[in-house]
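Please examine the fold presented below.

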Amino acid sequence: MGKPRTIDEFKSANAWWRTKILTEIIQSGDGVTDLLRALRDRAARPFFIIDEILKPQERFLPIFEMEEKFIFDASRSEPRTGDVDGLVALIKAKDTLPDAIVGVGGGSSMDLAKSVGICLANPKTAAEYQGYGLDMKRGLDIWVLPTLSGTGAEVTPIAVLRGPEKKLGINNNFTAPTVAVIDPGLSSGARKFNRFFTMMDCFFHHYEITRSKTSEESALLDARDGLDLAKEVLSGDLSEFSVESAVKSVMASVLGGSSTIGGRVGVSHAISYGLSNSSPHLPHSVAVTISMLACRDIYADGGWEDTVRFLEINGFPRPRARDYGIDDSHIERMTTTALGMEKLWHSHFGPDWNSRVDRAFVADIYKRIVEA
Ligand SMILES: [Zn+2]
């Protein structure tokens, strides 16, 4: 794979993923302009969902000036099923319905747009669609303009939602974005903390898939390329925005999405879901970092060591669960949540995973986490 270093090289780069994705990628050096132009050419009536945090950046002004929009505060937590239901009701009450939902922002804004796009065509509440293999109709076209790289949300058929009972995605092919406009420059306004930890999650996805025993070959190939790119990015100091590192980040992110199709993450992710359930304000990327730091023995072939190294290079202390309100009173419940992620344990340990993984094994990892 040749590696583009500049925006112009990125714009003319051939497809760098092997897995068949459902999303059309538009490679751009001026994302807002290209998005609005493509929408004008193809969709008559877009409705925008944009992250409030982008307001001070002048380049997003044309979107904030749109009449048909919803400004979303993504800093709170993942989008909630109630946010989706509220937006669906608001849009349905309009005289003219939009024909495309456009998400502008990080993973949360994209997930909200993806959920609203599909739920508009389906009668039940969003919480009733959290899960896999549910019968759903195709909704509106979903467009995304990511402003942060690493989640892969720009190409995955998954929209993660926090519901009244559980944090779980709507998993359906009609949840995949129809079009993603990818402009590496758009992350230049993001905080170093967000750029770093979102890329860390991207690294964990690729790393865990390359160690998975149940992932498909095309996913493994994409994950290997993505792992190289994520490691190159995280081995540098991310204090200052750099085009070369931003180009690598968007490419690693798309591979993070494509390798999820047919690929499966492992132990750090299983553990992170228990943490997230006990602390709604703990960002997913930080939860996985905390989990990886407690898995030194399981990920002894580089995962743990690289995590420690990337934190050091970028001057971040090792994040601790206690700083997010998690203590030993949560261990029982977290253990139950993590043990429920059977496919992820299977992914790492293989078909006889439950000969190794039981309550004591998992509770022991959480003990290390709350004591760290
Ligand atoms: Zn993740």
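What percentage of the 372 residues of the protein chain count as buried? The share is 52%, a residue being buried if 20 or more other C-beta atoms, placed from the backbone, lie within 10 Å of its own. This is a predicted model, in which local features need pLDDT of at least 70 and side-chain atom pairs count only at pLDDT 80 or more, while totals for chains, interfaces and linings use all residues. Residues are numbered from 1 along each chain as its sequence is written.

**Overall architecture**

- The protein chain holds 14 helices and nine strands; these are DSSP runs numbered from the N terminus, helices being H or I of at least four residues and strands E of at least two.
- Along the principal axes, the C-alpha atoms occupy a box of roughly 55 × 45 × 40 Å.
- Among contacts with a separation of 6 or more, 75% join residues 24 or more positions apart; two residues are in contact if their C-beta atoms, placed from the backbone, lie within 7 Å.

- Six strands form an open sheet in the order 1-9-6-4-2-3, with parallel pairing; two strands pair if DSSP finds at least two bridges between them.
- Strand 1 (24-27) and strand 3 (69-72) are the edge strands, each pairing on one side only.
- Neighbouring strands of this sheet are turned by 15° against each other on average, direction ignored; axes are lines fitted to C-alpha atoms, for helices over the stretch in contact, and angles run from 0 to 180 degrees between N-to-C directions.

**Strand pairings**

- Strand 2 (residues 46-51) pairs with strand 4 in parallel over five bridges, and P46 has A100 in strand 4 as its bridge partner.
- Strand 4 (residues 100-105) runs parallel to strand 6, with six bridges between them; V104 is opposite L145 of strand 6.
- Strand 6 also pairs in the parallel sense with strand 9 (residues 179-182) over two bridges, and W143 is opposite V179 of strand 9.
- In strand 6 (residues 141-146), five of the six residues are buried.

**Helix 5**

- Helix 5 (residues 107-119) has 13 residues and spans 18 Å from its first C-alpha to its last, close to the expected 18 Å; the expected span is 1.5 Å times one less than the number of residues.

Note on methods. Buried ≥ 20, exposed ≤ 12 C-beta atoms within 10 Å, placed from the backbone.
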